[in-house]
Amino acid sequence: MAKPLVLEQVTKQFGEKTAVNDVSLQVEEGEIYGLLGGNGAGKTTTMRMVLGLIYPDDGRILYHGQEYSSELQHKMGYLPEERGLYPKIKVSDQIIYLARLKGMSAKEADKSLRYWLERFEVPDYYNKKIEELSKGNQQKMGFIAAVVHKPKILILDEAFSGLDPVNVELLKATVKELRDEGTSILFSTHRMEHVEELCSNITILQRSNTVLQGKIQDIKKRYPREEVLLHTTGTVTGLEDISGVERVERRERGYSLRISDVAAAQEILRRAMEESTVEHFEIKEPTLNQIFIKEVGESHE
Amino acid sequence: MNKLLPVINFTFSNKLKTKSFVVTTIIFAVLLSVGIHLPYIIQLFTGNESTESRIGLVYGSQPEIAESLEAMIAKQPDGKIKFVKYEQANEQALTHDFENGTIKGYLEFGESVGLQFPKVTYTSKKEGMDLTLQSVLQPALENVKMQYVTRGSSLTDEQIAAISAPVVIEEQKTERTAGTGSAADTKEDPKPAVVNYVIVYGLIVLFFMTNTMTGNMIAAEVTSEKSSRIMEILVTSVSPLTQMFGKILGMFLIGLLQIAIFIAVVAANLALPYNQASLAELNLDLSQINLQIVIVGLLFYILGYFLYATLYAAVGSIVSRTEDLGQAVMPITMLSLAAFYIAMFSLSSPNSMLLKVCSYIPFVSPVTALLRFGVGDATLLEVGLSLIILLIAIVFFSWLAAKIYRTGVLLYGKRPTLKELRKAMKAYKI
């Protein structure tokens, strides 16, 4: 069976400026695909092309093996980055309206809306106006608007920004649930820990180009482990002199060391055991955050 | 297309619930009711006051004239003036009666020299002579003068009556060229009935008002959808064309509802018995309404509305913030204002060259062509041509507006220039 969403060498130009250059990616059924990149990297443009708002200049986008058509609108859900709903209109009125535009009947839409409000434990918002809700709750309503019609392909642009930790967890759980039900999700964010938790495959865009793509685990393996965390009861001297150690930082309960060679880690541990009692020793995997900063540069935020 | 209905429904029902709509409708309804009652209210006030104005009449040296004036006034049907006779101009007695309020003022006649009519002086306390009093006294005195001057001559009473009768200018229009033979030619009235003027006038004002009001509402809706970013969700659900026309139709229904409410208010007010009398006084005969004018008027009204509405929607889609909207819709407002004033100033000369030209220019034709047809001499053929031009313009501008709308809704930031807009259109492949 054809994959739900395939981008093949998609390119988009605005005048002389290239917004997206030769981007390819594939989203499986029941997968959350991470689309990362600094500001202006081309994430939103890519998403808009997937949504059919703008057409690529080159390359093609296939949905279950087919080109874009207006029937696809019913199968897609979108939570834009700068989300918005009608401020002065009741939650029920506008979400049912949006669901009807997605091809649902009013009755189905009402049922689905009630389910989601119940799911988010806010059934009393049914009759409230958007402007009466807090920003975080408005965002939840925006999320409901994106999923109320049970889309097959869901596009989430910065879904968790501006939410408190409790709500982030709630939404994360919901997104995972949707994934497990078979929804293909294209997910963009600046928060790497969310990506590490949710996505298996990612693409990092920088200035309209793909700089990194693949499975998170594979990507991480490509980057050397270069940080060592050491907790000891007393002080350890001469860590700087070990060959392969680049930098030593004194921490509250020990040291954080940057190494250029994994072999140096063993030497560090031996030295530490000689001089003090080791409480904790770890050769850290590079975080996605570090990889991202390395690839995209410090200027991304 | 099955999405058009939800859009219309949503636009309509939500606008209906807004406070601004409810409030403006109520305010207009109240103003209309007051306006209709105005003649009656005025009557009520003035009627009370002048049921009887008592006026002193000093016989003095001209008892003859005074007597015939009294007789003349007595002959008048409404008899609002009562004279109080004074033999002589007795200052004391007159001032006394002034103070008591028995008389409002007094008339005095001067000496007559030869055949000349004596000078007439009206003395009153402060108010001076009010218009109703003057309008009664003036012709009466003129008649008295006529009698006074012709007294003793060989003129018969009939001749005198003929001389004093005012000249009436009757207006009549020559029929249109007999050859065209359209239905409008066989109108029985030589001159359009007053009520048709009223209809044309009313339709023009209505067109201007609803056009500006609903037009601005459409533009504001589009801009607010854009600024609240719900537009991004909407454009992924409905095609911009459906969205735009759904909005325009929804607002149109709102406009129609408002008009229906106003008409109902007017009709209810006019149905009140005491208002019917004042309506009759204004010489309006509802049975004289020319149905053709009403139909053509409504046709132009609807088409004109669509032409302007598409432009308002397009402009609304370009602007990202509501604050910038006023400036952006200015050109359209000016255009409709120009159409309105051309029509208003030409109301008395509906066959001018200016109107003839204007009735074929789409943005001004809805009012000018109606004016020419309603009270001027435009034939159905000319009106049809104007309608066709208008229709073509609507198709063209809807197409253009839809393109602008499609591009505009995704452009944020400052208002784009025409060049930027064209560039964006190309980039979006629209």
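Chain A gives 24 residues to the contact and chain B gives 19 (residues are in contact if their C-beta atoms, placed from the backbone, lie within 7 Å). This is a predicted model: local features need pLDDT of at least 70, side-chain atom pairs count only at pLDDT 80 or more, and totals for chains, interfaces and linings use all residues. Residues are numbered from 1 along each chain as its sequence is written, while chains are lettered from A and ligands numbered from 1 in the order in which they are written.

**Chain A side of the contact**
- S5 and helix H2 (91-101) of chain A are the elements that give two or more residues to the side touching chain B. Helices (H or I, at least four residues) and strands (E, at least two) are DSSP runs, numbered from the N terminus.
- H2(A) supplies the largest share, four residues.
- By class, this side of chain A has 16 nonpolar, four polar and four charged residues. Ala, Val, Leu, Ile, Met, Phe, Trp, Tyr, Cys and Pro count as nonpolar, Asp, Glu, Lys and Arg as charged, and the others, Gly among them, as polar.

**Sheet of chain A**
- Six strands build an open, mixed sheet in the order S5-S6-S7-S3-S8-S9. Two strands pair if DSSP finds at least two bridges between them.
- Strand S5 (76-79) and strand S9 (209-215) of chain A are at the edges; each has a single partner strand, so one side of each lacks a neighbour in the sheet.
- From one strand to the next, the twist averages 15 degrees. Axes are lines fitted to C-alpha atoms, for helices over the stretch in contact, and angles run from 0 to 180 degrees between N-to-C directions.
- S3 (residues 32-37) and S8 (residues 201-206) of chain A pair in the parallel sense over five bridges. Gly37(A) has Leu205(A) in S8(A) as its bridge partner.

**Helices on the sheet**
- Helix H4 (residues 135-147) of chain A lies across S5 and S6 (153-157), at about 165 degrees to S5(A).
- Helix H5 (residues 165-180) of chain A lies across S3, S6 and S7 (184-188), at about 145 degrees to S7(A).

**Domains of chain A**
- Chain A splits into domain 1 (5-219) and domain 2 (224-285); the bounds come from an automatic or database domain assignment.
- Their centres, taken over C-alpha atoms, are 43 Å apart.

**Helix pair in chain B**
- The axes of H9 (residues 240-271) and H15 (residues 380-408) of chain B come within 9 Å and cross at roughly 110 degrees.
- Pro240(B), Leu241(B) and Met244(B) of H9(B) meet Ala401(B), Ala402(B), Tyr405(B) and Arg406(B) of H15(B).
- These contact residues divide into six nonpolar, no polar and one charged.

Terms used: Two residues are in contact if their C-beta atoms, placed from the backbone, lie within 7 Å.
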